[in-house]
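Hi everyone, thanks for coming.

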Amino acid sequence: MKKEDEKRNNESSQYITDRIEIDCVIFNFEDEILKVLLVKQTDDKGNENWGLAKDWLKEGETLASTAHNILKKYIHQDNFFLEQLKAFGYPSPLSLKEEISIGYYAMFRSELKDESNSVLSQNTKWVSANEIQNLNEKHQIIVECSLNKLRKNICKSVIGFNLLPEKFTLLQVVHLYEEILGIEINKSNFRRKILQMGIVSDLDEKEEDVSHRAAKFYTLNVKNDKMLYQRELNFNFY
């Protein structure tokens, strides 16, 4: 019994005094659906449920490094977009102190998904962002906050392109924006605006083995990548 108490004390000592949880909303765009990664978890009462990818901030780590480690654990690569949302405060089930959660949202391309780890795949699932149910209140609020942030940012920057393949058609861009914003877009006007902005480059390639008219492939204008992410755009959908 004494050894078990010492073990618990050692494990708890790795966390800073005020518990800070890092919660990540990981977005993926697949089959024209915006999806969020959910992880099977066990709550304080021993019940299994699904929630966001998360970890506790440990002594000697930073918020950013913890968030990066969460992403690497579940998507197994370094090519992703990650941005902090804000801090959320909640009553602690373990003490009278308030627990702090730092929310992040992340995006990566669907073709980079690694489903080779069978143990990991059994404990994770991708769910449509519009069909997520039964999350605890904390994670539900963080998901809603991340969706609002994403909808706001894709209208004034090119961060949404982090969800697209390296080469894409303009119709894929349209479907991405329609799915995230929940609106129907005038496709001709949108294509014209994208091309006028100079944010994509024509790859001089077309789709192959398709039953419809083959569409051109484009890529993000990487020559101006830093400028594009800093530049204020206005897609003016509303």
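**Charges over rings, and a few neighbours**

Let's start with lysine 167: its charged end sits over the ring of phenylalanine 217, 5.1 Å from the ring centre. By "over a ring" I mean NZ of Lys or CZ of Arg within 6 Å of the ring centre and within 35 degrees of the ring normal. Lysine 125 does this too, with its charged end 4.4 Å from the centre of the tryptophan 50 ring.

Quick background: this is a predicted model, where local features need pLDDT of at least 70 and side-chain atom pairs count only at pLDDT 80 or more, while totals for chains, interfaces and linings use all residues. Residues are numbered from 1 along each chain as its sequence is written, and side-chain values use heavy atoms, with hydrogens and water left out.

Next, ring pairs. How many aromatic pairs does the structure hold? Four, counting Phe, Tyr and Trp rings (for Trp, the six-membered one) with centres within 6.5 Å; planes under 30 degrees apart are stacked, over 60 edge-to-face, and the rest tilted. One of them joins phenylalanine 108 and tryptophan 126, tilted at 50 degrees between the planes and 5.8 Å centre to centre.

Is phenylalanine 108 buried or exposed? Buried, at 1% relative accessible area, whereas tryptophan 126 is partly exposed at 23%. The cut-offs: buried is under 20%, exposed is over 50%, and partly exposed is in between, using a 1.4 Å probe and protein chains only.

Last one: valine 127 is buried as well, at 15% relative accessibility. Its C-alpha is 7.2 Å from that of leucine 38, 89 residues away along the chain.
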